[in-house]
Amino acid sequence: MIAPSEGISNYPILYSFRRCPYAMRARLALVAIGMVCELREVVLRDKPRELLDVSPKGTVPVLIDRNGRVFDESMDIMFWALRQQDPEQWLIPEQGSVAEMLELVDKCDRGFKYHLDRYKYPNRYENTEAIVHRAEGYLYLEMLNARLRETKYLFGNRVALADMAIGPFVRQFVHTDLGWFSEQPLAYLQDWLTEFLDSEIYTRIMQKYPKWESGNECVVFPEPKCKL
């Protein structure tokens, strides 16, 4: 725990990186509940000392609440936010349970993400063939597609936690080779992903922000909705 006065505002502090799927999770939850925070956009190759001081593992997202509590796991931040309020009922799926959603998310984090990294960044791993890991990751996509054949979203016909927790990772996998993905027999998953990427909430979390440095003017996230 750190002193609540660490920030230059009275908002919770969120260390984030725009393209990181884990950080996307955190931002999605904050936008969903209308929680305003002080955003600190991190450049991962040049991590600020302030981030490492509160979370030595140096990954994002990291959230520091108004009481100085530190949350440095994406799902912990989502639950921290949604347990305060859950206007879209992400924790009340139309079908299934929170435990079942977390099981599907866990398969993403512990299995799919392993293959995603080696498919997208094969040069980072010794003796790695990207196409092998694409094939392994495809099995998870097939499973999602099968669920979406039955309902519009992963746990019913309205969005729930699992959709928002998994969507950023599917996006990253797909964008490695959009042409390949478009040719796969995954029509339900393709429609689901397109809706996610076209959604207002996704647009809001993907606004660009400058690199944060100590002493910078406070950046408030999320930005207010545009007025017509």
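Which hand does the crossing of H1 and H6 have, left or right? The crossing is right-handed. This is a predicted model, in which local features need pLDDT of at least 70 and side-chain atom pairs count only at pLDDT 80 or more, while totals for chains, interfaces and linings use all residues. Residues are numbered from 1 along each chain as its sequence is written, and side-chain values use heavy atoms, with hydrogens and water left out.

**View 1. Helices H1 and H6 cross.**
Two packed helices are described by the angle between their axes and the distance between the axes. Here H1 covers residues 21-33 and H6 covers residues 161-174. Helices are DSSP runs (H or I) of at least four residues, strands (E) are runs of at least two, and both are numbered from the N terminus. The two axes come within 9 Å and cross at roughly 145°. Axes are lines fitted to C-alpha atoms, for helices over the stretch in contact, and angles run from 0 to 180 degrees between N-to-C directions. A crossing is right-handed if the near helix is turned clockwise from the far one by less than a right angle, and left-handed if anticlockwise.

**View 2. The residues where H1 meets H6.**
From H1 come Pro 21, Tyr 22, Met 24, Arg 25 and Leu 28. They meet Met 164, Ala 165, Pro 168, Phe 169, Arg 171 and Gln 172 of H6. Contact means heavy atoms within 4.5 Å. By class, the contact has 8 nonpolar, 1 polar and 2 charged residues. Ala, Val, Leu, Ile, Met, Phe, Trp, Tyr, Cys and Pro count as nonpolar; Asp, Glu, Lys and Arg are charged; the others, Gly among them, are polar.

**View 3. Gly 167 in helix H6.**
Gly 167 lies in H6. Its relative accessibility is 0%, so Gly 167 counts as buried. Buried means under 20% relative accessible area, exposed over 50%, and partly exposed in between (1.4 Å probe, protein chains only). Leaving aside neighbours within four places in sequence, Gly 167 is in contact with Trp 192, Leu 193 and Phe 196.

**View 4. Ser 199 between two helices.**
Ser 199 sits in the loop between H8 (187-198) and H9 (200-205). Its side chain reaches the backbone oxygen of Phe 196 at 2.7 Å. Ser 199 counts as buried because its relative accessibility is 17%.

The structure holds 10 salt bridges. A salt bridge is a side-chain nitrogen of Lys or Arg within 4 Å of a carboxyl oxygen of Asp or Glu. One of them joins Asp 46 and Lys 211 (2.4 Å, N to O). The pair links distant parts of the chain, 165 residues apart. Asp 46 is in the loop between strand E2 and helix H2, and Lys 211 is in the loop between H9 and strand E5. Asp 46 is partly exposed at 41%. Lys 211 is partly exposed too, at 32%. Asp 46, Lys 211 and Glu 213 are linked in a network of salt bridges.

Arg 49 and Asp 53 meet at 3.5 Å, N to O. Both lie in H2, 4 residues apart, about one turn of the helix. Arg 49 is exposed at 53%, and Asp 53 is exposed at 53%. Asp 65 and Arg 69 meet at 2.6 Å, N to O. Asp 65 is buried at 4%, whereas Arg 69 is partly exposed at 37%.

Notes: Polar contact = N/O pair within 3.5 Å; in protein donor to acceptor, adjacent residues only side chain to side chain.
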